[in-house]
Number of protein chains: 2
Amino acid sequence: MARLAGEERRKQIIEAAQTAILDRGLAQAATRDVTRALGVGSGLLHHYFPSWLDLRAQAVQLAVDREISEVQVSTSSLGASESLTYLISWMVEDEDMRHWRLWLNAMDEAHRDPRLAKVMTSAVQRWHEMVKELIARAQKEGICPGDDPAIVAWRLTALMDGLAGMALIEGGSMTLEKARNLLTKQLTLELGADFNNNQAGMNSSL
Amino acid sequence: MARLAGEERRKQIIEAAQTAILDRGLAQAATRDVTRALGVGSGLLHHYFPSWLDLRAQAVQLAVDREISEVQVSTSSLGASESLTYLISWMVEDEDMRHWRLWLNAMDEAHRDPRLAKVMTSAVQRWHEMVKELIARAQKEGICPGDDPAIVAWRLTALMDGLAGMALIEGGSMTLEKARNLLTKQLTLELGADFNNNQAGMNSSL
DNA sequence: CGCTCAATTGAGCAGATGCTCAACAAGTTG
DNA sequence: CAACTTGTTGAGCATCTGCTCAATTGAGCG
């Protein structure tokens, strides 16, 4: 392969590792998937990364960092209500569910790889923090007060994770559209009917 | 190893496979883990099971079947409210989280193994069905009516899955006791304050 | 006893894996 | 030009994987 400046190569390898991980899963993806995809010698990979587990962890790190800051940037210019509906849309409109496949795979594999555990612990924490801020903003904007934002955020986050996991099961009866409805209803439960009224003019059938 | 009647050996192998899977994860567990644990030749395993993936799927199948019917039996003699709190306790009091580690691992690996996908699709469906019945019973027993039981069951099930996943992350801030509180509160949200009053005499702070 | 057949063995094959290391290529500098 | 640094190669090793198959054991039976 053509000679490349160090940092550029490093990023290219991480990128290739991400797609390999998405294709074969964290446990099955291998160094050869990456080197073959790039048409590059096997030694090159170890010139940039001390070990495969290290590269793997960095690839996951970069991916989840991107996801979190993507949502953070998008919601920073929206009102609280719109932000929460955006969050749900963002989850549901992830076409082939790349985000969720990687996220759940990493949450699982984290039990066997301390490097991934570190990455995911921090990711979960930052995600929760972000959702908590959205909830707090929503409450301040006059939407019917509810629980402690931190608690509401935990429930919402966990619910998203759980629904995503089920939607990913092939042949299952949980679809992304169902998940969207369930999440929207959850927000109505948590924040009161005002959320729905503020938002789309739906009736609240509770 | 001593000679064993066919069916007994079969069960013994499945059992050993379960612990191997719990120890090393579905993706890393190997035939040799099983044969070594039993002190048995490698050929024996393939005498009883056509392939490792087959044995693996059967081991998971048996494990989740056991979990589901354990809960089903326990709740069959309880009132609806007690059943729902039992469900939460059952989730939280799973000491080293064997149930959840296997469950989440299987949900994840199901994306890469059609045999596991079949097993887990059915498991999720039966689990949801069971929770749905509990919710329906609760509503019939006069607890404040809420949504369609099927929908409430989806939210509750997904919430349990999501919380379990987070509680499993080491070093994370989600603990099992937190999960218990969040789930109890969720039931209060879904079924109304009557649930809590019926149950433990707590105040409802919504 | 011998016969039969299921249970059991384990060396060994073919493939995959992470990683090393001596060699080479190509820029940059003096 | 040489000297040096950095990017790059790929054969090869040690280890693991699932699985095969010819051979052995042993229990039950006539």
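**Reading the surfaces**

Author: Begin with the surface near DNA strand C, where α3(B) gives the largest share, 5 residues. Keep in mind that this is a predicted model.

Reader: How many residues surround DNA strand C, and which are the closest?

Author: A residue counts as near a strand if one of its heavy atoms lies within 4 Å. Here 24 residues surround DNA strand C, and the closest are R24(A), T31(A), W52(A), L4(B) and G41(B). Of the atoms of DNA strand C that come within 4 Å of the protein, 57% belong to sugar and phosphate.

Reader: Which residue has a backbone N or O atom 2.7 Å from a phosphate oxygen of DNA strand C?

Author: That residue is W52(A). In chain B, side chains reach phosphate oxygens of DNA strand C as well: R9(B) with an N or O atom at 2.9 Å, and H47(B) with a polar atom at 3.1 Å.

Reader: How does the surface near DNA strand C divide by class?

Author: It has 8 nonpolar, 10 polar and 6 charged residues.

Reader: Now the two chains. How many residues of chain B are in contact with chain A?

Author: The count is 40 residues of chain B, against 41 residues of chain A. Together the chains bury about 3,400 Å², with 67% of it on carbon and sulfur atoms.

Reader: How many salt bridges and polar contacts are found across this interface?

Author: The rule finds 0 salt bridges, but 8 residue pairs in polar contact. On the side of chain B that touches chain A, α8(B) gives the largest share, 12 residues. By class, that side divides into 17 nonpolar, 13 polar and 10 charged residues.

Methods. Residues numbered from 1 in each chain as written. Chains lettered and ligands numbered in written order. Predicted model: local features only at pLDDT ≥ 70, side-chain atom pairs only at ≥ 80, totals over all residues. Heavy atoms only, no water. Polar contact = N/O pair within 3.5 Å; in protein donor to acceptor, adjacent residues only side chain to side chain. Helix = DSSP H or I, 4+ residues; strand = E, 2+ residues; numbered from the N terminus. Nonpolar A, V, L, I, M, F, W, Y, C, P; charged D, E, K, R; others polar. Contact = heavy atoms within 4.5 Å. Buried area = accessible area lost by both parts, 1.4 Å probe. Salt bridge = Lys/Arg side-chain N within 4 Å of Asp/Glu carboxyl O.
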